[in-house]
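Thanks for coming, everyone. Please put the model up on the screen, and we'll walk through it.

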Amino acid sequence: MGIKNWKLPISLFSLSPLALVGIASPQVSVHKPVWEAHPPIHIRGNATSSYQSGYTPLQIKTAYGINSTSYTGAGETVAIIDAYGSPTIQSDLNTFDSQFGLPSANVTIAYPDGTPNKTDSGWALETSLDVEWVHALAPDAKILLVVAKSASTSDLVDAINYASSHGAQVVSNSWGGSEFSGETSYDSDFQHQGIVYTASAGDSGAGAEWPAASPYVLSVGGTTLNLNSNGTWQSETAWSDSGGGTSQYESRPAYQNNWQSVVGTQRGIPDVAWDANPSTGVAIYDSTPDQGQSGWFVVGGTSVGAPSWAAMIALADEGRVAAGKNPFSNIQLNTDLYNLAGTTDSTGYETYFHDITSGSNGNPALPGYDLVTGIGSGQMNNLLGALVSAP
């Protein structure tokens, strides 16, 4: 059958009367955006009853050098923020683990604002992606799935705050929407000692979205990842649908000062990159039917990058704790990543990152930092050790 790509959900915003209207909630800032967040996930082709294709955990770990490290995420907790959740997530994870020879894991599920009153198939698919790939890349990390009662930003922020106060060292957010006046008032939700927040940069091409635009998150853009015949990294190019641009409201953080020529006076996103093109997508298992299909899917989108980078931070934190250091917070992490990259063609850049210099999302990929792949994807066999060794 021919390949077809579906973006879930179909539209960026709900067409309800609340969409795009700055109506104040009695519990939140008057600047609160009132829109339905969307998970940036794309499906390639049709689901199958057995695994057929899509990058496997071993292929991704080999490509990015993760299997050259000894870290597994032991002792760390990764929280995953998703709306509606999935009624089949534990059994789906069990199937995924069995297929790829991964250790079993139990997902702890929390509902800060109560159990959702419906199942949303698109968010269930996102939940499977997030949980399965955090576990695939950090197999000994604990997984805390915090389910927002709806896709409203109010419920999603409640879920973030729950994760922050219930033991998470990393919080993954594969969702987003338009920036809004007053978004800086929510920066405090991402500023907690010893916690890193990751966010997908979006799948609508050039432009910034929230929460990825906050300087207190690690924003993840998307690439097309190609492998050599032995499974190692061959090349990456910018994925044309990857989000990326400069924020309307957030000022340039100090860690981006080397890249003023690209970002100007504003926060630039993304910070880093990961495989996202559904044509080079990853395998997931989801038995909650989506558009009449269930089973093994091949998916892409910057939704893949947020949980994958969350897993990478869990690996680095494991090493830091073992060395008697504190786990990362976002400003320290982002500063260290940019410092390790240095400037274009520096030794650090060539050692720790894949500098992606071709492709475009409307903004071109460039040598050094750019507004589609950030400072690039990680050579984790070198980068993780450098992050563990950072002060």
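Let's start at Leu-337. Leu-337 is buried, with a relative accessible area of 1%. Buried here means under 20% relative accessible area, exposed means over 50%, and partly exposed is in between, using a 1.4 Å probe and protein chains only. Leu-337 sits in helix 7. Helices are DSSP runs of H or I with at least four residues, strands are runs of E with at least two, and both are numbered from the N terminus.

A word on the source. This is a predicted model, where local features need pLDDT of at least 70, side-chain atom pairs count only at pLDDT 80 or more, and totals for chains, interfaces and linings use all residues. Residues are numbered from 1 along each chain as its sequence is written, and side-chain values use heavy atoms, with hydrogens and water left out.

What does Leu-337 touch, leaving aside neighbours within four places in sequence? The contacts are Leu-218, Val-272, Phe-353, Ile-375, Leu-383 and Leu-387. Contact means heavy atoms within 4.5 Å.

In helix 9, residues 380–389, the buried residues are Met-380, Leu-383, Leu-384, Ala-386, Leu-387 and Val-388. They pack against several elements, including strand 14 (272–275), helix 6, helix 7 (330–341) and helix 8 (347–352).

Now the nonpolar cores. A nonpolar core is a set of buried Ala, Val, Leu, Ile, Met, Phe, Trp, Tyr and Cys residues joined through side-chain atoms within 4.5 Å. The largest one has 72 residues, and Trp-274, Trp-309 and Met-312 touch the most other members. Helix 6, residues 305–322, gives this core its largest share, eight residues. Take Met-312. Beyond four places in sequence, Met-312 contacts Ile-66, Leu-137, Trp-274, Met-380 and Leu-384. There is also a second, separate core of 32 residues, with Ile-81, Ala-168, Phe-190 and Ala-201 among them.

On to the rings. Rings of Phe, Tyr and Trp (its six-membered ring) pair if their centres lie within 6.5 Å; planes under 30 degrees apart are stacked, over 60 edge-to-face, the rest tilted. The count comes to 19 aromatic pairs. One of them is Tyr-51 with Phe-100, edge-to-face, at 5.3 Å centre to centre and 75 degrees between the planes. Tyr-51 lies in the loop between strand 2 (41–48) and helix 1 (57–63), and Phe-100 in helix 2 (residues 89–100), so the pair ties together parts 49 residues apart in sequence. Tyr-51 counts as partly exposed, at 23% relative accessibility. Phe-190 and Tyr-197 are another edge-to-face pair, with centres 5.4 Å apart and planes at 80 degrees. Phe-190 and Tyr-197 are both buried. Ring pairs also link Tyr-51, Phe-96, Phe-100, Trp-133, Tyr-285 and Trp-296 into a cluster.

Next, strand 10. Ser-219 lies in this strand, residues 218–227. Is Ser-219 buried or exposed? Ser-219 is buried, at 0% relative accessible area. Its contacts beyond four places in sequence include Ala-199, Ala-201, Arg-267 and Pro-270. Strand 10 runs antiparallel to strand 11 (residues 233–238), and five bridges join them. Two strands pair if DSSP finds at least two bridges between them. Asn-226 stands opposite Ser-235 in strand 11. The two strands form a hairpin with five residues between them, and Gly-231 in the turn has a positive phi of about 90 degrees.

Last topic, the backbone. Most residues other than glycine have a negative phi, and most peptide bonds are trans. Here are some exceptions. The bond from Trp-210 to Pro-211 is cis, with omega near 15 degrees. Pro-211 lies in the loop between strand 9 (209–210) and strand 10. Ile-269 and Pro-270 are also joined by a cis peptide bond, with omega about 5 degrees. Pro-270 is in the loop between strand 13 (266–269) and strand 14.

Now phi. Gln-291 is not a glycine, yet has a positive phi of about 50 degrees. Gln-291 is in the loop between strand 15 (282–290) and strand 16 (293–300). Asp-345 is not a glycine either, and has a positive phi of about 70 degrees. Asp-345 lies in the loop between helix 7 and helix 8. Asp-345 is exposed, with a relative accessible area of 56%.
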